[in-house]
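Please go through the helix packing in the structure shown below.

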Amino acid sequence: MENQQRQFTDKEVEVIHLLLEGKSTQEIALQLGVSTRAVEHHLTHIYEKLEVCSRTEAVLKLITLFKK
């Protein structure tokens with residue numbers, strides 16, 4: 001995951017950790033002190049980098065990456 005994690009920005013890593021905790025977009029925005037639109041922007045970039053199309057796919061792929 002370390003090599004994979006390097007491709008993510010610091011803010012994307014923060015979003016990923018909250019995503020893996022099961023937080024909603026709104027909850028992530030509140031916790032990070034940003035707008036929901038900003039979180040959606042980060043999620044879009046995370047999905048692109050993971051080559052997935054949904055939140056569920058992203059979470060499954062992230063769990064797999066963290067186990068390696």
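Predicted model: local features only at pLDDT ≥ 70, side-chain atom pairs only at ≥ 80, totals over all residues.

Residues are numbered from 1 along each chain as its sequence is written, and side-chain values use heavy atoms, with hydrogens and water left out.

Helices (H or I, at least four residues) are DSSP runs numbered from the N terminus, as are strands (E, at least two). Axes are lines fitted to C-alpha atoms, for helices over the stretch in contact, and angles run from 0 to 180 degrees between N-to-C directions.

| Helix pair | Angle | Axis separation |
|---|---|---|
| α3 (residues 25–32) and α4 | about 110° | 8 Å |
| α2 and α4 | about 90° | 10 Å |

With an angle of about 110° to α4, α3 is roughly perpendicular to α4. Angles of 65 to 115 degrees count as roughly perpendicular, under 35 as roughly parallel, over 145 as roughly antiparallel and the rest as oblique. On the α3 side, Thr25, Gln26, Ile28 and Ala29 meet Thr36, Val39, Glu40 and Leu43 of α4; contact means heavy atoms within 4.5 Å. By class, this contact of α3 with α4 has four nonpolar, three polar and one charged residues. Here Ala, Val, Leu, Ile, Met, Phe, Trp, Tyr, Cys and Pro count as nonpolar, Asp, Glu, Lys and Arg as charged, and the others, Gly among them, as polar.

The α2 and α4 axes cross at about 90°, so α2 is roughly perpendicular to α4. Lys11, Glu12, Val15, Ile16 and Leu19 from α2 meet His42, Leu43, His45, Ile46 and Lys49 from α4. The contact of α2 with α4 comprises five nonpolar, two polar and three charged residues.

Helix α2 spans residues 10–20, and its buried residues are Glu12, Val13, Val15, Ile16, Leu18 and Leu19. Buried means under 20% relative accessible area, exposed over 50%, and partly exposed in between (1.4 Å probe, protein chains only). An α-helix has 3.6 residues a turn, so residues three or four places apart point the same way.

Leaving aside residues up to four places away in sequence, His42 touches Lys11, Glu12 and Val15.

Two backbone angles remain. Gly22, which follows α2, has a positive phi near 90°. Glu51 is not a glycine, yet its phi is positive at about 60°. Glu51 sits in the loop between α4 and α5 (55–67) and counts as exposed, with 70% relative accessibility.
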